[in-house]
Amino acid sequence: MRPRVWCGTTAMLALLATGCGSGDGDSGAAAGGKAADPGKAADGTSAFPVEVTDCKGAVTTFDSAPKKIVTSNASSLELLLRLGAGDKAIGTGFPPGKGTLPGDLGAQAQKVPVLGESVIPKEKLLGSGADLYIDTFASMQNMGGGMGDAPTDEEYKAAGIKHIFLKSTACAVMSKEPLKDLSGVQEDITSLGTLTGTAAKAEEIVTGMKKTVAGVQEAIGGVAEGERPTYFLFDYDAGTKQPIAVCDKQIANAVITLGGGRNIFRDCEGDFKPVGWEDVVSANPQWIQLAVRDRGSKAANDKAFGEAQKFLETYAATKGLKAVKDGRFLRIGSEETTIAGVSNADTVRAIAEALYPDRVKAAQ
């Protein structure tokens with residue numbers, strides 16, 4: 001078998017809820033779906049058979065749309081819900097917290113059975129009755145920490161479960177180039193739309209994302225790279241003793257770049273990496289994103305944002321940073337920045353509105 005490629009253990013444990021991940025060509029395919037016959041049915045749904053490729057090009061073929069889907073965490077579940085395929089979801093791991101998804105999406109998400117508050121136990125996954133498992137992050141096998149073993153290829157096959165990964169997370173760390181756009185996310189949405197028979201909705205979502213990002217690029221396109229402000233994403237929930245950097249293969253690097261910022265850890269190779277406060281101090285960022293994880297309500301989120309800001313304002317190593325002294329903080333949640341999904345485009349716009357308010361306003 002080809003060796004598995006894992007995200008770093010330390011970063012994974014610190015940022016597990018963000019779905020840190022990588023793919024492997026044997027245990028599953030990444031969601032790079034395309035119809036073997038590129039035509040569509042009269043009702044706009046995708047034609048079958050559908051081929052789904054993994055990060056290395058290996059193909060998994062679907063002769064019909066899956067009917068019972070289990071998702072590894074909230075991000076892949078959210079994609080199904082936004083596509084209108086939530087009725088196919090029969091279970092999830094890492095469930096979204098109450099209030100973390102807007103309106104009807106949140107109500108639908110709460111109805112999906114939780115098979116694991118974190119990684120779904122192997123026995124529950126194999127016995128779930130699913131015909132498809134969408135994996136947002138790498139196998140936890142041999143990672144330790146009581147995570148349990150991931151099913152083998154043979155066990156998935158025996159249970160009748162096809163196992164795919166999302167390319168925007170599974171393949172990112174294998175890329176030779178830094179992530180600077182949202183094409184991987186958009187490809188996942190298109191692929192899942194093809195696979196679940198919701199191609200028209202997928203096209204609508206992707207078109208909306210592209211329009212949002214294009215509007216931002218039109219507004220800030222004249223700003224030279226060297227003139228763009230330096231930017232630090234502070235994941236408060238990952239701990240304050242040692243910050244976690246979002247590196248060049250993490251989706252947040254693309255979001256920050258598209259929003260007009262310069263990620264201070266853009267030269268760090270990979271997805272996440274533990275760094276020292278001295279590294280942050282040396283970079284002396286001009287803007288800091290207080291990327292707290294959603295607590296389920298605005299009041300609780302505001303409290304967490306306030307705690308994160310107070311830490312930076314009072315901690316000896318950070319209180320002298322330019323961003324801190326100038327009060328240049330962005331209160332944007334972690335999930336919509338570090339998890340590949342539809343809301344990444346909205347975060348691009350939110351960053352640009354903070355960094356370039358006059359330009360964005362003039363372009364509207």
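In these legends a residue is called exposed when its relative accessible area is over 50%, buried when that area is under 20%, and partly exposed in between. The views all come from a predicted model.

**Figure 1. The whole chain, to get your bearings.** The protein chain holds 15 helices and 15 strands. Of its 364 residues, 52% are buried.

Figure 2. The mean pLDDT of the protein chain is 85, and 84% of its residues reach 70 or more. Residues 1-27 are a stretch to treat with care: pLDDT stays under 50 there, although the model has 83 contacts for them beyond four places in sequence. Residues 139-147 also have a pLDDT below 50, with 21 contacts in the model beyond near neighbours in sequence. Where pLDDT is low, the predicted coordinates should not be read in detail.

Figure 3. An α-helix has 3.6 residues a turn, so residues three or four places apart point the same way.

Figure 4. With 4% relative accessibility, Leu 330 counts as buried. Leaving aside residues up to four places away in sequence, Leu 330 touches Tyr 231, Trp 287, Ile 288, Gln 289, Leu 290, Ala 350, Ile 351, Ala 354 and Leu 355. One of these, Ala 354, is 24 residues from Leu 330 along the chain, yet their C-alpha atoms are separated by 7.3 Å.

**Figure 5. Helix α7, largely enclosed.** Helix α7 covers residues 183-196; at 1.5 Å a residue its 14 residues should span 20 Å, and the 20 Å between its end C-alpha atoms agrees. Ten of the 14 residues of α7 are buried, so the helix is largely enclosed by the rest of the structure. The buried set is made up of Val 185, Gln 186, Asp 188, Ile 189, Ser 191, Leu 192, Gly 193, Thr 194, Leu 195 and Thr 196.

**Figure 6. The disulfide between Cys 247 and Cys 268.** The structure holds one disulfide. Cys 247 and Cys 268 form it, with their sulfur atoms 1.9 Å apart. The torsion about the S-S bond of this pair is about 55°, so the disulfide is right-handed. Cys 247 lies in the loop between β11 (244-246) and α9 (251-258), and Cys 268 in the loop between β12 (262-263) and β13 (272-274), so the pair ties together parts that are 21 residues apart in sequence. Both Cys 247 and Cys 268 are buried.

**Figure 7. Thr 71 and its surroundings.** Thr 71 is found in strand β5 (residues 69-71). Its relative accessibility is 0%, so Thr 71 counts as buried. Apart from residues up to four places away in sequence, Thr 71 touches Ser 76, Leu 77, Leu 80, Gly 91, Thr 92, Gly 93, Ile 120, Tyr 133 and Ile 134.

**Figure 8. Two loop residues with positive phi.** Phe 94 is not a glycine, yet has a positive phi of about 40°. Phe 94 lies in the loop between β6 (89-93) and α3 (103-111), and at 12% relative accessibility it counts as buried. Asn 284 also has a positive phi, near 45°. Asn 284 sits in the loop between α10 (277-283) and β14 (287-290), and at 32% relative accessibility it counts as partly exposed.

How values were computed:
Residues are numbered from 1 along each chain as its sequence is written. This is a predicted model: local features need pLDDT of at least 70, side-chain atom pairs count only at pLDDT 80 or more; totals for chains, interfaces and linings use all residues. Side-chain values use heavy atoms; hydrogens and water are left out. Helices (H or I, at least four residues) and strands (E, at least two) are DSSP runs, numbered from the N terminus. The expected span of a helix is 1.5 Å times one less than its number of residues. Buried means under 20% relative accessible area, exposed over 50%, partly exposed in between (1.4 Å probe, protein chains only). Contact means heavy atoms within 4.5 Å. A disulfide is a pair of cysteine sulfur atoms within 2.5 Å. pLDDT is the predictor's confidence in each residue, from 0 to 100.
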